[in-house]
Amino acid sequence: MKLTLKIWRQKNAKAKGTFVTYQMDNVSPEMAFLEMLDALNKKLVEQDIDPVAFDHDCREGICGSCGMYINGHPHGPVPAITTCHLSMRFFKDGDTVWIEPWRAKPFPVIKDLIVDRTAFDKIQVAGGYISINAGAAPDANANLIPKKNSDAAFDSAICIGCGACVAACKNASAMLFVSAKISQFALLPQGQIEAKDRVRAMVKAMDEAGFGNCSNTGACEAECPKEIKLQNIARLNREFYKAF
Amino acid sequence: MEKLNSKIPEGPLAQKWTKFKSSVKLVNPANKKKLEIIVIGTGLSGAGAASSLGELGYSVKNFCYQDSPRRAHSVAAQGGINAAKNYQSDGDSTYRLFYDMIKGGDFRAREANVYRAAEVSTQVIDHYTALGVPFARDYGGTLDTRSFGGVQVSRTFYAKGQTGQQCLLGAYSSLNRQIKKGNVKMYPRREMLDLVIIDGKARGIITRNLITGEIERHGAHAVVLATGGYGTIYYLSTLAVNSNASAAWKAHKKGALFANPSFIQIHPTCVPQLNEFQSKLTLMSESLRNDGRVWVPKSKGDSRPPNIIPSEERDYFLERRYPAFGNLVPRDVASRAAKERCDAGFGVSETGLAVYLDFTDAIKKQGKKAIENKYGNLFDMYVTITGIDPYTEPMRIYPAGHYTMGGLWVDYELMTTIPGLYSIGESNFSDHGANRLGASSLMQAAGDGYFILPNTISNYLADEIKIPPVSTDRPEFVETEKAAVERINKFLAIKGKQTASSFHKRLGKIMWDYCGMVRNEEGLKKALTLINDLKAEFWNDLNIPGPDSEVNQELEKAGRVADYFELAELLVTDALNRKESCGAHFREEYQTPEGEAQRNDEKYAYVAAWEYAGEGQPHILHKEELNFVEVEMKVRSYK
């Protein structure tokens, strides 16, 4: 099929960006979206034109590197998948595809579709851990944890830190991201000891990085490739109030 | 070079590690802060080592090429992590895990290292659980386990099909704690360009900042490589597309011997290639073989949809050939068996390069819900990629390049042949012999990082306490940096027509065709010529648009591919040298009448450790003889 791509090109953080139009012929429906961009880049490099820069790595939906706004949706129009898993079979001949980077103040553009997500790491550094040194742990079966709680903790723990929730939110809120980690530990006995310090520190780091407050819209949940639930934000709020 | 000294401690196998730990030289707490350690990589081994060393009080600098340490490729491991906990009381023990690994590795691994890996495995599970890793649990609240290939016990801990992600995020959290404490400084988006050696010792690295293009110097008292494997040498593999061998290869060219490079595991259950633009092959966890049955039609070219082929017309070839282990034979055995059926014309799908992995019986017996609980995310991933629903139609799978058992040669202390340079996790060669058993990669990486390296590195650092912080103004840093910059300029000056990826793809095809699942002398020799020709073409016709002073992903790729050309030659050389079949290394000339691998213990019971002898010079082979004291070398049988 033939596609018209409108891709955000921005030389660096300081430069002004703009949409550039590219025509793609011979796009196979079996390609993944990033493979379609690989094919475009191959063409550009062969013409000695600077290829489109984008973050990507595992290409199996788990590392969280990739992420771009495709036709107005983070990771594209298909729910519950990352950009690398988006198949071209969801597009049709003649489509125009708009491709943009995440747009949020705490995620400045580095180049083209690459943004700086170190603000996420700063939040995790602030408190996203359980303090125990290697070698100090008791036997793994010493603490029995109800399967229900453990499974729920897992459902929160699968966040891949891609930033789609922030990009989707009109307030650029990171509440879903922060609440996923807070919830994981709130549901486990190991996480109780530092619970209050953790939630205070992580929320503080989140505010300092410039993320907005939750808008209660639910766009984050709708766009999350891992289907992290809004319930986590409720749990974050509860943990936060408990901490004062 | 003097004879390789693996520094294996004296005494009975089961007491070596305890004895080592109680007699190893230590560094007192006040001195640790003054000692700087560089760790490259933030996977299970790298993040584990960086955080453990930070906890001990050393000053650690941790590097990764990704934008965040949370993205290292350990994140993609699916099925599980082994530990000899014997929570199931099914006869497991440290010894049995050790024995399974030695046998699974086809008697080409070092006994003492393997035993130690099995020994620390239980600590790894305790530690991850304490860090809040949500492993699967039973209704009574205890941890659940499942079975993996090549073993007859249930010792694999798991978190659905995302065990690697959960363990990695655990490791990332322990790393973050040390970053907050100031014991670890994190340098993301950095690529190691070279290793700096001063007076014969590893003293630092040269990196490129992947955002600004800046070339940076970093000094330290010791350098730890935790840079993973080189499976992407096949271009299409289960690895992250940016995974590469460059750090290890640079260290090799500076004097670190490279061991058993041709030992590469081909994983049997991957989504087959769908189109010519494909950039990677996605793994479907080995754990699926607990419940999935592998088959092809009994008659050639049977193109009926799988569900209407009656069971008597199906060939469950793993169950037929290996009744004792059935679908859970080790990976090398399963891969070759699938290739054998496809080569004989029984393969399915349009390409004929696929076999079925069928869950119909398991769903009938256990219910869809139970299967969804165990493998839900894998099934989702499969339908996302292929559009086929594995709950109603068998998966199509085919082998793909996956894990490299080979790597930098290390001694018992995980030190390479360069003093002060360590290699941990997949980047070293030590624990898996000629074939790795499923779920022992996370186990080894975490064990190396959290529990082994932090205990062995003090043996070296204890003698370094009088060395002041390494100055990066030293001429060795200046020269190494100059060479790295010259290499970048050389790439940029070629100004040809082709992309680095297109060369990588062609190199991958050569390696897959002639040095993949099956090898022979004629093919390997042909590969050497083809690699050389392609390498010459690369240095003549590569194109990299844009400067080196900003984000330049083409430049990053070019450096990695250039190194792969050199590693590919060594890999083929190693495969040529080893005139036997063992584990994943299958030479057609050396097989039993039944088509199984035929080892030659008399001549090849050694680790082939290769020394770099300079540009255009043949590598020099050093042999570390493998002495099996605890186990008897036997023909590996899963029948």
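**Domains and backbone**

Modeller: In this predicted model, the C-alpha centres of domain 1 of chain A and domain 2 of chain A lie 27 Å apart.

Biologist: Which residues does the domain assignment of chain A give to domain 1 and domain 2?

Modeller: The assignment places 3–110 of chain A in domain 1, and 118–130 + 145–242 in domain 2.

Biologist: How many residues does the contact take from domain 1 of chain A and from domain 2 of chain A?

Modeller: Domain 1 of chain A contributes 18 residues to the contact, and domain 2 of chain A contributes 16 residues. On the side of domain 1 of chain A that touches domain 2 of chain A, 10 residues are nonpolar, six are polar and two are charged.

Biologist: Let us turn to the backbone. Which phi does B:D199 have?

Modeller: B:D199 is not a glycine, yet its phi is positive, at about 50°. B:D199 sits in the loop that runs between β6 (190–198) and β7 (201–209) of chain B.

Biologist: Where does B:A439 lie, and why does B:A439 count as buried or exposed?

Modeller: B:A439 belongs to the loop between β17 (421–423) and α12 (440–461) of chain B. B:A439 counts as buried because it has 28 C-beta neighbours inside 10 Å. B:A439, also not a glycine, has a positive phi of about 70°.

Note on methods: Residues are numbered from 1 along each chain as its sequence is written. Chains are lettered from A and ligands numbered from 1 in the order in which they are written. This is a predicted model: local features need pLDDT of at least 70, side-chain atom pairs count only at pLDDT 80 or more; totals for chains, interfaces and linings use all residues. Domain bounds come from an automatic or database domain assignment. Two residues are in contact if their C-beta atoms, placed from the backbone, lie within 7 Å. Ala, Val, Leu, Ile, Met, Phe, Trp, Tyr, Cys and Pro count as nonpolar, Asp, Glu, Lys and Arg as charged, and the others, Gly among them, as polar. Helices (H or I, at least four residues) and strands (E, at least two) are DSSP runs, numbered from the N terminus. A residue is buried if 20 or more other C-beta atoms lie within 10 Å of its own, exposed if 12 or fewer, and partly exposed in between; C-beta atoms are placed from the backbone.
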